[in-house]
Amino acid sequence: MSTAEQGYFTEENSAEVVISRNAKATDARLAEVMAVVTKHLHAAVKEIEPTQEEWFEAIKFLTEVGHTCNDWRQEYILLSDSLGVSMLVDAINNRKPSGASESTVLGPFHVPDAPELPMGSDICLDQKGEPMLVRGRILGTDGQPVSGAKIDVWQANDEGFYDVQQKGLQPDFNLRGVFRTGADGTYHFKGVKPKFYPIPDDGPVGRMLEKLGRHPYRPAHLHYILEADEFETLITHIFDPDDPYIHSDAVFGVKESLLATFEKVEDAARVKAAGFDGPYFEVVHDFVLAPAA
Ligand code: BEZ
Ligand code: FE
């Protein structure tokens, strides 16, 4: 037996004693993960020196987070998002080669079965909001267009809600669509100018943010999943750089390379050419996919 295995638990050796108890683990990765978690958790407790009441508050908070999870709501993911852990895991798993577009969080509002639409379609099914045209190219890191790329896009409406949050109020699949590029790699579709919105903040994570003096808002964005044969799948957003929350996203998802330009177009000829009957916002953004590993 090692010294830690033989030794009694003390304030000083607490982490070593717990870690050594896992010496016969049959899952080496789990043992590795739990050793690191135990080491850092014990170090945090030693630094914080919580009272019994404070520790029980922490237990009650985590219990409430669990009780707030159901088929539609995942409060643990919100907790991970709001502590920056989701973005950290995303960064570790999506180190892109130079020139490739960067990833960001998926978020909870993707639906897997959005309809595939003809290129150029309007994904806004209820005509509410300021009209927007989004266009650009899907390219490889060699600058060549990617043909047959699947573009899965979704966005909140101009009140900051996704269709799945307003069932009955918004049409099903409002502001969602799947498009496929042709040989030239270009894409274009119509939507509405997105607005900032709060992450679900009526649960324990929202109350935690409030006590920490943090707002729950995400700056206006559009979500994308881009898939193509022989390329890595890219989960990302584009953001409105003029949004008031662009420097304080509640989930830390903003990256400089994901800022797009939302140009207000009032020129009558361009309005007509784009097929609108009044001013609209035009967003031009290319995505560059990394080759599959
Ligand atoms: C979203 O952008 O849809 C989102 C991301 C993280 C938490 C909540 C919402
Ligand atoms: Fe979103």
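Analyst: Helices (H or I, at least four residues) and strands (E, at least two) are DSSP runs, numbered from the N terminus. This is a predicted model, in which local features need pLDDT of at least 70 and side-chain atom pairs count only at pLDDT 80 or more, while totals for chains, interfaces and linings use all residues. Residues are numbered from 1 along each chain as its sequence is written, chains are lettered from A and ligands numbered from 1 in the order in which they are written, and side-chain values use heavy atoms, with hydrogens and water left out.

User: What percentage of residues 134-162 is strand?

Analyst: The unreviewed UniProt entry annotates this span as "domain: Intradiol ring-cleavage dioxygenases"; UniProt positions are given in the numbering used here, feature names are shortened, and annotations may be inferred rather than shown by experiment. The end C-alpha atoms of residues 134-162 lie 18 Å apart, and the span is 0% helix and 41% strand.

User: Is the site of the iron ion (ligand 2) octahedral or irregular?

Analyst: Donors are N, O and S atoms within 2.8 Å of the metal (3.2 Å for Na, K and Ca), and water is not among the atoms, so sites may look incomplete. The protein supplies Tyr162 (OH), Tyr197 (OH), His221 (NE2) and His223 (NE2), lying 1.9 to 2.1 Å from the iron ion. With angles of 53 to 166° among the six donor atoms of the iron ion (ligand 2), its site is irregular.

User: Why does His221 count as buried?

Analyst: Buried means under 20% relative accessible area, exposed over 50%, and partly exposed in between (1.4 Å probe, protein chains only). His223 counts as buried because its relative accessibility is 2%. His221 counts as buried because its relative accessibility is 1%.

User: How far is an oxygen atom of ligand 1 from an N or O atom in the side chain of Tyr197?

Analyst: A polar contact is a pair of N or O atoms within 3.5 Å; within protein, one must be able to donate a hydrogen and the other to accept it, and residues adjacent in sequence count only if both atoms are side-chain atoms. A polar side-chain atom of Tyr162 lies 3.5 Å from an oxygen atom of ligand 1, and one of His221 lies 3.1 Å from an oxygen atom of this ligand. For Tyr197, the distance from a side-chain N or O atom to an oxygen atom of ligand 1 is 2.6 Å.

Note on methods
Four donors count as tetrahedral if all angles lie between 85 and 135 degrees; four count as square planar and six as octahedral if opposite donors are over 155 degrees apart and all others between 65 and 115; anything else is irregular.
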